[in-house]
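In this notebook I record what I looked up about aromatic side chains and their surroundings.

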Amino acid sequence: MTRAQWGARPSRYTLTHIGSTRGVKIHYEGTAVPASLARPENHGRCAGRVSAIQASHLANTKEKYSDIAYNAIVCPHGYVFEGRGAHKKTGANGNSSLNSAHYAVCAMLGDSGLTTPTDAQLAGLRDAVEWLRKSGGAGNEIKGHRDGYATACPGPALYAWVQKGAPQPGGTTPPKPKPKPPAYEPFPGADWFKKNPRSPIITAMGRRLVAVGCSAYREGPGPQWTESDRQSYARWQRHLGYRGDDADGWPGRASWDALKVPKV
């Protein structure tokens, strides 16, 4: 269910782009959810519930959310509702570094009323994870909100499922996937760029900057680091949400990792 389909309000401001994550963290609402919501005839209430979650987040003056905090929400009937969506930094995992490390998917479950996920909901959670892997660069990890942050979320029933490896309903616990070899150029260090290097890495970087719509090139890019490279990289930093001296065009590790420059 896209944002348009459930009637999402626009974000307050541009959400922070995120190239990839280590995986996905599973959440629950943590408040009362009516047990009757899981009845098949009540699926018509689910879009309104997502809208209400967004409204409550936008009204939260303490957290000052720019949008609904989750990347996706899954109802008891197995439907996946697009929240912030893929390649958008979540606001739900507890702090900025945790929000950068994992996407956040919330199940419509509470601490009272509806507390046990339906099979359809578990299948929908797996659908949401696979969508974020395919479309958002999510890694292999599936964890609970409480992993790394002091909270009861996602509740005992859902966390037990996460600890089993988040298996498909009626299926077996999936084997842990083998780690993939690195596919991107490691960060060569900030000082390396200030030495005006000539390298195929610069060409690969420039091509990525063009691909993500941050080009300031009149010609090229090429292997020699130039002012056009620095200006293009500054556009990338601003695209990620950096400002001031943090968007001066000199690459740093976080922005470089987010750019995903292919190995040469």
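I first looked up Phe193, which counts as buried at 0% relative accessibility. I noted the cut-offs: buried is under 20% relative accessible area, exposed over 50%, and partly exposed in between, with a 1.4 Å probe and protein chains only. Trp192 is partly exposed, at a relative accessible area of 24%.

The model is predicted: local features need pLDDT of at least 70 and side-chain atom pairs count only at pLDDT 80 or more, while totals for chains, interfaces and linings use all residues. Residues are numbered from 1 along each chain as its sequence is written, and side-chain values use heavy atoms, with hydrogens and water left out.

I then turned to ring pairs, of which the structure holds six. The rings of Trp192 and Phe193 have centres 5.0 Å apart and planes at 85°, so this pair is edge-to-face. Rings of Phe, Tyr and Trp (its six-membered ring) pair if their centres lie within 6.5 Å; planes under 30 degrees apart are stacked, over 60 edge-to-face, and the rest tilted.

Next I looked up Trp225 and Trp250, a stacked pair with 5.5 Å from centre to centre and 25° between the planes. Which of the two is buried, and which is partly exposed? Trp225 is buried at 5% relative accessibility, whereas Trp250 is partly exposed at 26%.

I also noted that ring pairs link Phe187, Trp192, Phe193, Trp225, Trp250 and Trp256 into a cluster.

Last, I looked up Arg146, whose charged end sits over the ring of Tyr159, 4.3 Å from its centre. This term requires NZ of Lys or CZ of Arg within 6 Å of the ring centre and within 35 degrees of the ring normal.
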